[in-house]
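The sequence and structure come first.

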Amino acid sequence: ADIKMIDGVKLKSKDYLKSFDAREYLFKQFEKNNNNVLIFNYNTLVTDSHVILALMKKYKFLIVFDEATAFKNPKSHTFTYASEISKAGDRVVGLSATIIKNNLLEAFAIYKVIMPGLFISLDHFKKSYCLMEKVQLWKGKGQRGRVVNKITGYKNLKFFKDAIDPYFLGRKKSEVASELPKIVSKEIIVDMLPKQRDIYEDALSGFLDYDKYNFNKVKTLFDN
């Protein structure tokens, strides 16, 4: 449905639909009804990027990526399509509570979408800001695998901060705490399935019998 937000601004909220025809119809309605705010999720970004890009050729767009860590992996499809959409936009903004959750490469991926020219390439970024060492992988049963580069730390972090500073606006939790809703915590105890408990108890003992549990079987049990 159309929602009036402020004078002159109308919003089209687009839920993900399995049928492409249904999604394409909503895109056409967005254009036909002179809507000027379109909201969709990252699934739609990946599946319908060609439709979105076609719209962007006709009009000027300000793109706002919420939860920008969705494309923190530069090898993911989400990163690839977010990059395409970003290059077609007139201005791009990324929103995230934590742009770095696990490693500095996540910040590279996010800024590569938001500001494509800020960092030259992933290899150049690693050489500039990451400490690397070569690590031997093992195939198992004593067989050696390939040698890969592993990140062991970081360097030149002041230069990294200086690079992103003109394009970063952050607010500390203490500055926004009064605007946030109260945190409600509830402890819920969930029983494990019998097979899950067997694996758990074996793990606690410090030994997992791989003749008893193979990787795919363990993964299936805990995914369910």
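The second largest pocket has a volume of about 540 Å³. A pocket here is an open set of points on a 1 Å grid over the protein atoms alone, where a 1.4 Å probe fits and protein lies on both sides within 12 Å along at least five of seven lines; lining residues have an atom within 4 Å of a point. Grid points are joined across faces, edges and corners, and the volume is the space filled by probe spheres set on the points. The model is predicted: local features need pLDDT of at least 70, side-chain atom pairs count only at pLDDT 80 or more, and totals for chains, interfaces and linings use all residues. Residues are numbered from 1 along each chain as its sequence is written, and side-chain values use heavy atoms, with hydrogens and water left out.

Strand β5 (91-94) and helix α5 (105-114) each supply at least two lining residues; the largest share, four residues, comes from β5. Helices (H or I, at least four residues) and strands (E, at least two) are DSSP runs, numbered from the N terminus.

The largest pocket has a volume of about 690 Å³. Its lining has 24 residues, with Leu38, Phe40, Leu62, Ile63 and Val64 nearest the centre. Two or more lining residues come from each of α1 (20-32), β3 (37-39), α2 (42-47), α3 (49-58) and β4 (62-65). In this pocket β4 gives the largest share, four residues.

The table sets out the linings by class. Ala, Val, Leu, Ile, Met, Phe, Trp, Tyr, Cys and Pro count as nonpolar, Asp, Glu, Lys and Arg as charged, and the others, Gly among them, as polar.

| Pocket | Nonpolar | Polar | Charged |
|---|---|---|---|
| Largest pocket | 17 nonpolar residues | four polar residues | three charged residues |
| Second largest pocket | 14 nonpolar residues | four polar residues | one charged residue |

Together with helix α4 (residues 77-88), β4 and β5 make a right-handed β-α-β unit. Right-handed means that, with the strands pointing away from the viewer, the path from the first strand over the helix to the second runs clockwise.

In a regular strand the side chains alternate between the two faces of the sheet. On β4, Ile63 and Phe65 form the covered face, and Leu62 and Val64 the uncovered one.

The largest nonpolar core has 35 residues, of which Phe65, Phe71, Phe119, Phe125 and Phe160 touch the most other members. Such a core is a set of buried Ala, Val, Leu, Ile, Met, Phe, Trp, Tyr and Cys residues joined through side-chain atoms within 4.5 Å. Buried means under 20% relative accessible area, exposed over 50%, and partly exposed in between (1.4 Å probe, protein chains only).

Elements giving two or more residues to this core are α1, α2, α3, β4, α4, α5, α6 (122-129) and α7 (157-164). Helix α5 gives the most, with eight residues.

**Single residues**

Leu118 is placed in the loop between α5 and α6. Ten residues separate Leu118 from Phe108 in sequence, and their C-alpha atoms are 9.1 Å apart. With a relative accessible area of 22%, Leu118 is partly exposed.

Glu67, in the loop between β4 and α4, has a positive phi of about 50° although it is not a glycine. Its relative accessibility is 48%, so Glu67 counts as partly exposed. Asn156, in the loop between β7 (143-154) and α7, also is a residue other than glycine with a positive phi, near 50°. Asn156 counts as partly exposed because its relative accessibility is 38%.

Lys150 lies in strand β7. Lys150 and Glu133 are 17 residues apart along the chain, and 5.4 Å separates their C-alpha atoms. Lys150 is partly exposed, with a relative accessible area of 47%.
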